[in-house]
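Dear colleague,

I am handing over the structure we spoke about, placed just below. Please look through it first, and then read the notes that follow.

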Amino acid sequence: MASVCNSSTTLNTPFTSSTMSFSLASTPKPSQLFLRGKRNQTFKVSCKISSNDDQNVEINSVDRRNVLLGLGGLYGVANAIPLAASATPVPAPDLTTCSKSKINRDEEVPYLCCAPKPDDMSKVPYYKFPSVTKLRIRQPAHAADEEYIAKYSLAIRKMKDLDKTEPSNPIGFKQQANIHCAYCNGAYKIDGKELQVHNSWLFFPFHRWYLYFYERILGSLIDDPTFALPYWNWDHPKGMRFPPMFDRQGTALYDERRNQQIHNGTVLDLGSFGDKVQTTQLQLMANNLTLMYRQMVTNAPCPLLFFGAPYVLGNNVEAPGTIEIIPHGPVHVWTGTAAGSTLPGGGRSHGEDMGNFYSAGLDPVFYCHHSNVDRMWSEWKSIGGKRTDLTQKDWLNSEFFFYDENKNPFRVKVRDCLDTKKMGYDYAPMPTPWRNFKPKRKTTDGKVNIGSLPPASKVFPLTKLDKPISFSINRPASSRTQQAKNEQEEMLTLFNIKFDNRQHIRFDVFLNVDKNVNADELDKTEFAGSYTSLPHVHGPNQTNHIATVVFQLAITELLEDIGLEDENTIAVTLVPRKGGEGISIGGVEINLASC
Ligand code: C2O
């Protein structure tokens with residue numbers, strides 16, 4: 001029915017050659033783009049924070065974030081962010097208090113997602129890595145051969161069989177999927193607060209550990225200690241379609257609760273939010289590479305922007321990292337059934353399976369998608385500059401709980417998952433064309449007439465983003481020297497963004513465009529980035545479902561590329577793409593942050 005693509009179109013793009021030459025973008029030397037001096041992170045901004053029981057606690061652990069968010073200069077921004085209620089690392093969830101998960105405020109997941117309880121929660125040991133004799137090498141899914149596909153399907157089949165023979169076996173398919181449901185849809189509470197592993201710095205490490213055990217379980221079910229998951233190579237044009245191995249009806253890798261658009265080689269939209277972009281496949285691929293460049297390079301020059309803000313219990317402010325926002329979320333939504341449609345087995349869709357966190361793990365492609373998300377973590381670090389793992393103890397000492405392939409329960413720490421080789425796996429290399437996909441300027445008619453735009457102070461607070469809006473905004477400094485730029489990143493920060501977190505949300509940000517901006521073409525310097533949000537549940541005491549979000553874009557490089565470095569005032573345009581009527585934005589600032 002909704003086949004959105006003509007499968008017979010042969011795409012003759014510059015991407016198809018194996019030498020990867022690109023005519024769509026200039027190809028500056030990566031070293032020119034990425035090399036920035038390493039600096040020591042020594043910020044100590046302590047702050048009084050108010051905890052739930054109204055005790056004032058002084059903490060240092062959120063200092064870098066406060067610096068990021070503008071504390072110490074930009075009180076407008078800082079005041080918009082309720083500070084942390086606790087500064088301890090997140091402990092592994094206590095399974096004895098696990099309860100039902102929620103699909104949304106009104107609906108509960110009709111089954112319990114809690115992991116089987118170990119005999120004595122307090123005796124669950126810390127995990128120790130078994131010795132590694134041979135690395136498991138994760139391969140790109142689109143290039144998998146029949147032998148691999150057969151092995152992989154067999155392993156998943158065996159996992160699925162356990163659902164019937166031993167439904168409470170923690171290594172069964174449904175039990176494994178339920179791990180995601182429990183960690184993401186409110187089943188676990190810590191200190192009475194709902195645990196959520198998305199929209200913060202827990203995102204990368206949680207999913208890395210999750211896949212680590214999943215991969216070992218699959219390998220042990222087929223007696224192959226070198227078995228490795230495939231990765232959905234969506235950052236490369238060859239992988240920008242649904243991986244065919246998962247689309248074979250009747251196999252264990254198939255899931256009928258997917259969107260029809262995944263068939264027929266439709267090109268994936270990495271910024272997709274359910275609505276199909278009316279453009280060519282070639283343009284979509286160019287958009288995708290631009291999004292990758294933005295999320296990996298321009299918008300993630302330093303750890304907190306890449307990993308996401310600290311997760312502190314009871315803090316309701318969400319600031320996910322760049323890759324979590326895009327393409328992680330959109331690939332989920334693109335793959336799952338359209339929310340509101342009728343599910344294959346009857347019933348109304350909430351995006352199942354991939355488009356909702358409670359059910360995402362029920363689609364085998366989930367682990368393939370996350371394998372590439374995980375690969376981006378390694379790729380990002382290899383870019384260099386300040387792109388290193390976080391060093392905050394609250395992150396390093398955060399813990400999760402998993403069962404291993406022998407059904408033994410373990411606690412794991414974030415600090416132990418920073419090196420994939422130590423964990424026994426690595427990624428088969430693929431070219432990363434987005435690294436050289438620095439967008440070019442598209443505006444031909446010179447600068448936007450800043451004087452004709454309302455200043456930010458007249459536009460914010462914005463009660464709804466129901467149409468594109470342009471405004472002018474002052475910069476804290478102009479004509480900055482290279483050294484100043486190395487030391488401080490210029491950030492465009494939108495704060496107090498509020499929307500109903502049960503909705504799909506997306507809006508795009510452009511610099512220096514007029515209102516005739518074509519938002520379907522993202523491969524231009526002026527495109528600064530996008531914000532997206534998947535429907536999710538957050539916060540146990542929420543009386544409404546309003547998410548409060550901070551969205552930051554690193555714009556130093558963009559300003560150079562557009563030729564705005566010497567301007568005191570620049571033009572910003574926000575373009576709603578999904579759910580704009582329900583988005584309000586408290587304010588906007590440009591600040592300099594030592595990130
Ligand atoms: Cu835990 Cu892709 O989500």
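**Confidence and cysteines**

The protein chain has an average pLDDT of 82, and 81% of the residues score at least 70. Over residues 1–86, however, the pLDDT is below 50, although this stretch has 165 contacts in the model beyond near neighbours in sequence. Please keep in mind that this is a predicted model, and that where pLDDT is low, the predicted coordinates should not be read in detail.

Turning to the cysteines, the structure holds two disulfides. One of them is formed by C98 and C114, whose sulfur atoms lie 2.0 Å apart; the torsion about their S-S bond is about -90°, so this disulfide is left-handed. The pair links distant parts of the chain, in that C98 and C114 are 16 residues apart, with C98 in the loop between α3 (75–80) and β3 (136–138) and C114 in the loop between α3 and β3. With a relative accessibility of 14%, C98 counts as buried, and C114 is buried with a relative accessible area of 14%.

The other link joins C113 to C181, with an S to S distance of 2.0 Å. Here the angle about the S-S bond is 70°, and the link of C113 and C181 is right-handed.

**Helix packing**

Helix α5 also takes part in a helix pair: the axes of α5 and helix α6 (residues 203–221) come within 12 Å and cross at roughly 175°. Because angles over 145 degrees count as roughly antiparallel, α5 and α6 are roughly antiparallel to each other. On the α5 side, F173, Q176, A177, I179, H180 and Y183 make the contact, and they meet F206, H207, Y210, Y214 and I217 in α6. By class, this contact of α5 with α6 has eight nonpolar and three polar residues, and no charged ones.

Notes: Residues are numbered from 1 along each chain as its sequence is written. This is a predicted model: local features need pLDDT of at least 70, side-chain atom pairs count only at pLDDT 80 or more; totals for chains, interfaces and linings use all residues. Side-chain values use heavy atoms; hydrogens and water are left out. A disulfide is a pair of cysteine sulfur atoms within 2.5 Å. Helices (H or I, at least four residues) and strands (E, at least two) are DSSP runs, numbered from the N terminus. Buried means under 20% relative accessible area, exposed over 50%, partly exposed in between (1.4 Å probe, protein chains only). pLDDT is the predictor's confidence in each residue, from 0 to 100. Contact means heavy atoms within 4.5 Å. Axes are lines fitted to C-alpha atoms, for helices over the stretch in contact, and angles run from 0 to 180 degrees between N-to-C directions. Angles under 35 degrees count as roughly parallel, over 145 as roughly antiparallel, 65 to 115 as roughly perpendicular and the rest as oblique. Ala, Val, Leu, Ile, Met, Phe, Trp, Tyr, Cys and Pro count as nonpolar, Asp, Glu, Lys and Arg as charged, and the others, Gly among them, as polar.
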